Number of protein chains: 2
Amino acid sequence: MAWFRNLAKVSSFKLSDRPRNTNPFLFSSFTFISNFSTESSHQKPSTEPIQYSGLLPTKSEEKPRVLVLGSGWAGCRLMKGIDTKTYDVVCVSPRNHMVFTPLLASTCVGTLEFRSVAEPIGRIQPAISKEPGSYFFLANCTGIDTDKHVVNCQTVTEGSDSLDPWRFSIAYDKLVVSLGAQASTFGIRGVKEHAIFLREVHHAQEIRRKLLLNLMLSDVPGITEEEKHRLLHCVVVGGGPTGVEFSGELSDFIMRDVRQRYVHVKDYIRVTLIEANDILSSFDDRLRRYATKQLTKSGVRLVRGIVKDVEAQKILLNDGTEVPYGLLVWSTGVGPSSFVNSLELPKSPGGRIGIDEWLRVPSVPDMFAIGDCGGFLESTGKPVLPALAQVAERQGKYLASLLNRIGKAGGGHANSAKDLDFGEPFVYKHLGSMATVGRYKALVDLRQSKEAKGLALAGFVSWFIWRSAYLTRVVSWRNRLYVAINWATTFVFGRDISRI
Amino acid sequence: MAWFRNLAKVSSFKLSDRPRNTNPFLFSSFTFISNFSTESSHQKPSTEPIQYSGLLPTKSEEKPRVLVLGSGWAGCRLMKGIDTKTYDVVCVSPRNHMVFTPLLASTCVGTLEFRSVAEPIGRIQPAISKEPGSYFFLANCTGIDTDKHVVNCQTVTEGSDSLDPWRFSIAYDKLVVSLGAQASTFGIRGVKEHAIFLREVHHAQEIRRKLLLNLMLSDVPGITEEEKHRLLHCVVVGGGPTGVEFSGELSDFIMRDVRQRYVHVKDYIRVTLIEANDILSSFDDRLRRYATKQLTKSGVRLVRGIVKDVEAQKILLNDGTEVPYGLLVWSTGVGPSSFVNSLELPKSPGGRIGIDEWLRVPSVPDMFAIGDCGGFLESTGKPVLPALAQVAERQGKYLASLLNRIGKAGGGHANSAKDLDFGEPFVYKHLGSMATVGRYKALVDLRQSKEAKGLALAGFVSWFIWRSAYLTRVVSWRNRLYVAINWATTFVFGRDISRI
């Protein structure tokens with residue numbers, strides 16, 4: 001009887017299965033790169049030190065390899081567009097999904113579910129999980145050797161206590177850096193420790209857990225009035241679209257859900273939005289006034305101030321005011337990540353990786369930078385583009401077709417595209433900006449730039465455009481379905497309040 | 001302009017809002033119980049020690065208070081059935097939702113989403129968030145003073161680094177202990193540290209994150225064959241319904257999703273189910289054989305063995321066999337929790353809180369125990385009921401109507417029900433058992449007991465019954481909709497593989 005299978009099977013599989021390492025193509029390009037074997041960090045304390053290993057340079061008869069660092073808007077749009085008959089695609093990123101960032105604020109209060117805004121990379125570019133030479137690696141990039149065309153990486157093992165990080169390296173033919181930016185703290189003490197950013201799904205999860213925790217804790221017998229007010233004071237620093245949308249969602253959550261389902265504490269919860277200048281500074285003046293009015297009407301307090309110091313339970317403003325808080329969300333914009341800072345390459349104004357009109361890093365062959373981590377060099381005479389999803393997406397799309405063209409013209413392999421004509425340079429055309437400001441209200445600004453004239457809408461129609469536009473831009477049909485269903489169930493049943 | 005509101009508003013709200021502590025009913029029963037003020041644990045190191053505070057005993061003109069400890073099947077079914085015109089309901093639990101446990105195994109691999117199996121208590125019994133005398137407290141029970149009719153609690157602040165736990169106490173008129181059981185480790189070393197249980201949503205989340213992490217790590221260049229086999233070896237210990245269902249889901253995930261979306265490593269992943277005796281021992285013999293055949297056919301290795309020791313990367317069996325693993329799920333059944341063990345009350349066989357036929361703790365007035373934490377005393381002559389959702393649910397329902405009857409007869413307040421007729425005792429009628437064994441296959445055993453005769457089905461029809469039965473038993477319409485949609489999208493698009 002199969003059930004009585006001898007245990008020997010278990011004990012022997014460790015040995016007997018090892019020689020079965022047969023899949024012929026699986027290891028075709030997996031060999032040790034000896035010049036990376038100087039360091040001996042490894043994971044199993046019981047075995048001898050394992051050396052740096054990795055993907056060797058491709059041979060001329062093999063497909064050239066595009067290495068994409070990062071899995072944000074730019075990198076994912078690029079991978080989606082890459083012709084996998086021409087190239088193998090390798091992606092290195094600490095997360096295996098793309099976040100549909102414009103809808104992230106809605107997940108913090110349960111309007112949308114987290115998974116509805118996360119798109120697995122394996123669905124965006126199926127080759128990475130199917131093709132023998134294409135891979136996704138859950139890892140961080142630790143260094144780039146542009147001369148040798150090699151990137152060093154280290155695995156992300158967060159959530160596993162029994163594994164140490166593992167180092168490896170990947171030789172590339174084309175390197176696309178799309179590592180994004182990181183939230184700016186302006187060197188203010190305590191921001192990293194106490195504030196929550198709003199850039200990844202785990203940030204939204206943390207905000208949701210903390211908000212629900214504070215709502216429940218403030219109901220406990222014996223909590224002082226002062227402490228209740230503090231616990232339920234939600235402070236948002238930064239009045240850009242993210243901060244405004246999150247404030248709007250929060251006030252909507254309070255008006256619709258907290259009032260019904262946390263009746264005992266509903267009079268204590270408050271939202272304050274702190275901004276040093278104007279909110280939504282990139283939007284049309286009338287829209288800004290409309291947003292200000294809507295937010296104020298829905299109970300958000302707008303405060304003009306500069307944060308000086310952040311402590312565990314209170315913020316200190318420049319003028320000495322103390323603002324106690326229970327939840328602090330930080331959305332003051334982004335700046336270059338420390339990895340980008342560490343790269344010894346010419347930089348654009350603002351410290352991004354300097355690129356030319358074809359999104360190339362001019363001094364380095366076969367290297368490109370797109371999205372928030374790249375910016376036009378001053379020598380190009382073009383302004384650095386704003387850190388927006390639509391810029392990143394357009395650059396990813398442009399570069400995919402550029403690389404496809406290069407590959408088809410025989411310039412796919414390393415150092416072989418020098419004499420090719422790169423064709424039309426990248427030109428950015430702004431399609432407009434959108435932001436919600438709470439229940440059934442949004443702004444749509446279709447002007448080309450801040451100074452230009454054009455259509456600027458506010459109110460229910462804008463909100464409808466906002467929803468429709470984002471729904472159609474959600475990458476997969478699965479998530480499009482889920483976003484629509486989430487919106488419908490939130491409308492019918494209210495938001496989900498289980499704290500899981 | 002509203003936007004220029006003076007900052008003084010922020011700085012003054014701390015002070016000026018404090019006297020507004022007006023809501024007249026909100027604090028009607030919130031005062032300090034002086035006899036609990038001996039301990040001075042508190043949360044804010046900067047302020048003077050805060051004393052134990054809490055909900056005082058109800059007065060005769062107030063509604064009596066039912067205090068429910070725990071939010072599992074038993075407690076939630078009870079709360080749902082309690083007549084809130086007769087009673088105030090207070091629930092103390094470390095989680096603010098009920099887990100629909102029969103479907104938990106399906107969430108580990110993405111067949112269902114986590115939120116589809118979590119039901120907020122505020123939806124099961126809306127009074128706890130609306131009525132002035134009803135509450136939900138996110139807290140653990142730390143002690144019961146049965147003479148004084150008081151329970152001591154401590155808040156759960158996990159996930160918040162800026163708050164210490166806060167203690168408070170609640171006086172009750174009726175106390176319902178429905179704290180459930182905890183996973184048995186049989187004192188085996190390393191189980192708690194290295195294995196994952198499958199009882200809460202966060203367990204399922206941990207399993208999913210670890211499984212996806214291991215799938216991705218095993219694809220990294222330079223990982224040895226041996227390490228790959230280890231990382232992708234999923235070991236399940238315990239062959240009860242949970243262990244079998246999880247193994248079935250895993251093998252289905254491997255057959256359908258891993259083979260398509262982790263092509264590079266698909267030949268390495270394996271599932272082993274270790275059980276000391278027979279799998280599904282409570283089921284009909286034919287069904288057991290069917291399950292064994294189905295699991296083996298779908299690639300699950302069934303191993304009869306006893307675990308002796310668990311280390312970070314391997315299990316040691318009693319006969320000396322070493323089983324390396326990447327994921328270890330422990331589902332060997334449950335035993336009394338340490339809190340139940342600590343209660344100095346007469347116990348049933350198996351160490352549960354001893355109860356009589358009316359689910360009362362006989363020696364203690366106004367105290368009841370239902371679900372997995374209670375068991376019939378030997379003196380009742382009845383066997384201790386199995387730790388099943390259907391037992392807990394039936395007991396919760398029975399006790400709700402018993403308490404409603406008592407309340408209406410004027411026995412709701414503490415120590416006032418002694419002379420009342422409690423009516424019919426609780427009688428348990430087993431409705432049958434169900435378990436899935438992978439894709440489109442399930443077992444349905446409708447016999448009253450192991451020895452009885454009756455209908456026993458296996459195969460697609462059972463699977464259909466299994467799905468339909470659970471779908472109709474999911475508590476809310478919202479979650480019923482989501483479970484149905486999750487099943488449909490998994491069928492059409494496959495499982496979600498983003499690791500968030």
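Me: Into which domains is chain A divided?

Reply: Chain A is divided into domain 1, made of 24–181 + 336–408, and domain 2, made of 183–335 + 430–493, with bounds that come from an automatic or database domain assignment. This is a predicted model, in which local features need pLDDT of at least 70 and side-chain atom pairs count only at pLDDT 80 or more, while totals for chains, interfaces and linings use all residues. Residues are numbered from 1 along each chain as its sequence is written, chains are lettered from A and ligands numbered from 1 in the order in which they are written, and side-chain values use heavy atoms, leaving out hydrogens and water.

Me: How many residues does the contact take from domain 1 and domain 2 of chain A?

Reply: The centres of domain 1 and domain 2 of chain A, taken over C-alpha atoms, are separated by 31 Å. The contact (heavy atoms within 4.5 Å) takes 33 residues from domain 1 of chain A and 34 residues from domain 2 of chain A.

Me: Why are H7(B) and H9(B) called oblique to each other?

Reply: Helix H7 of chain B (residues 201–217) and helix H9 of chain B (residues 241–261) pack at an angle of about 40 degrees, their axes lying 14 Å apart. Angles under 35 degrees count as roughly parallel, over 145 as roughly antiparallel, 65 to 115 as roughly perpendicular and the rest as oblique, and H7(B) and H9(B) are therefore oblique.

Me: What residues make the contact of H7(B) with H9(B)?

Reply: From H7(B), Ile207(B), Leu211(B) and Leu215(B) meet Phe246(B), Leu250(B), Phe253(B) and Val258(B) of H9(B). By class, this contact of H7(B) with H9(B) has seven nonpolar residues, no polar and no charged ones.

Me: How do you know whether H13(B) and H14(B) are roughly parallel or roughly antiparallel to each other?

Reply: Helix H13 of chain B (residues 460–473) packs with helix H14 of chain B (residues 477–493) at an angle of about 150 degrees, and their axes are 8 Å apart. That value is set against the cut-off of over 145, and H13(B) and H14(B) are therefore roughly antiparallel.

Me: Which residues of H13(B) and H14(B) meet?

Reply: Trp466(B), Arg467(B), Leu471(B) and Thr472(B) in H13(B) meet Arg480(B), Val483(B), Ala484(B) and Trp487(B) in H14(B). The residues of this contact of H13(B) with H14(B) divide into five nonpolar, one polar and two charged.

Me: What makes the two copies related as by a two-fold rotation axis?

Reply: Chain B is superposed on chain A by a rotation of 180 degrees with 0.0 Å of shift along its axis, at an RMSD of 0.0 Å. The two copies are thus related as by a two-fold rotation axis. The same surface serves both copies, since 100% of the contact residues of chain B recur in chain A.

Technical notes: Axes fitted to C-alpha atoms, helices over the stretch in contact; angles between N-to-C directions. Helix = DSSP H or I, 4+ residues; strand = E, 2+ residues; numbered from the N terminus. Nonpolar A, V, L, I, M, F, W, Y, C, P; charged D, E, K, R; others polar. Least-squares fit on C-alpha atoms with pLDDT ≥ 70 in both.
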